[in-house]
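I opened this notebook to keep track of what I looked up, one entry at a time. The entries follow the order in which I went through the chains.

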Amino acid sequence: MEGKIIVVTSGKGGVGKTTATSSIGAALALEGNRVAIVDMDIGLRNLDVVMGLENRIVFNIVDVVLERCKIEQATIRDRRIDNLFLIPASQSDNKDVLTTAGVERVAKELRKQFDYVIMDSPAGIERGFENSIVSANEALVVCTPDVSAVRDADRVIGILYSRSLTPKLIVNRIEPARVRRGEMLSHEDVVEVLAIELAGLVPMDDKVLISSNTGTPLVLQNDSKAGQAFRRIARRLNGEENVPIVVPTDKTNMWSKISRTFGLK
Amino acid sequence: MLSGLLKRFTGQKKKSKEEAKKRLQFSLIYDKLEVNDTTLIDLQNDIVDVISKYFEIDREGLELKVKRDDNVSALVFNTPILHVRRKQA
């Protein structure tokens, strides 16, 4: 059976796309899937450092598409999580070096080798973005609850629809206390404005920066609210039913109660 | 301090997120109505062709624009009619 290609995109940069991609990819692998994460941000690679695999890069996705190496040669295996692989971006090439046809050919091959291929799209809606969505079977749009991220998400959602993709939304960096005070758009507001189905809600979490500092997977930290939120997103993507979309709350005891109920702590 | 207390008692505190939401809803609608020039010119030519079947119009004096108000948006097409074409039997 062929695997699924999921593109993670946002329009605006800096909303947590790379964190979302690496966390969802890692979580899907923890669920027992063979997963390849592909960094499509040519010229500005980041997934390798976030995942702590930067020292092991030999070849990259540009080498694969331009047939300078085989897919296996560019694939880095994560040593902490079984069945998790990264194909890094190139840091030196021009971002327009890849053609849509070339990416499609490689994507087809990747689908045969992996259960899930997660494409981390670059910010913007130019060529790199087009290359990331061209082979996608599913799309996730990441946005934060602020006017610029929501507006850019709307633009990207429109483009995805025009390519017959029905994206789902991840609202990232929700700060429950500020939502309660009316200083921050709630996830209901964002969903109403964008008229889109939710994939999940992720709270603001200091552990995200810390785990990227050390290059350790966020989803392996049971005390990370964001990490646990990404794990639930992955389980839903994986077809598991009855995984609730938990609304972030600032009542700590309440949260641990929910976590305990679902056996996460 | 005092005004803060007063606001708290009267519940007058304005929520900035409400404004964010309203502004977003408007700008997203406007974003979608933004039509590029080539589309507008193509549209104008097509409209002129259709109208010309029934009326003789002044091609120089016509005007097509997208009009936006707070609540409604409309396509406005203005053209002077020179005379009606007689239908040929």
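**Entries on a predicted model**

I began with the contacts of I81(A) and found that, leaving aside its neighbours within four places in sequence, I81(A) is in contact with A26(A), A29(A), L30(A) and P217(A). The model I am reading is a predicted one. I noted I81(A) as partly exposed, because 19 other C-beta atoms lie within 10 Å, whereas a buried residue needs 20 or more.

I next looked up the distance from I81(A) to L194(A), and their C-alpha atoms, 113 residues apart along the chain, are separated by 35 Å.

L194(A) took me to α9(A), whose buried residues I listed as H187(A), D189(A), V190(A), V193(A) and L194(A). Seen down the axis of α9(A), these buried residues fall within an arc of 160°, so I recorded them as lining one face of the helix. I looked up what they pack against, and found β6 (138-143), α7, β7 (168-174) and β8 (197-203) of chain A, together with α2 (16-33) of chain B. Just after α9(A), I noted that A195(A) takes a positive phi of about 45°.

Last, I turned to the two chains, where ten residues of chain A are in contact with ten residues of chain B. On the side of chain A that touches chain B, the elements giving two or more residues are α7 (147-162) and α9 (187-194), and the largest share, four residues, comes from α7(A).

Definitions and conventions
Residues numbered from 1 in each chain as written. Chains lettered and ligands numbered in written order. Predicted model: local features only at pLDDT ≥ 70, side-chain atom pairs only at ≥ 80, totals over all residues. Buried ≥ 20, exposed ≤ 12 C-beta atoms within 10 Å, placed from the backbone. Contact = placed C-beta atoms within 7 Å. Arc of directions from axis to C-beta.
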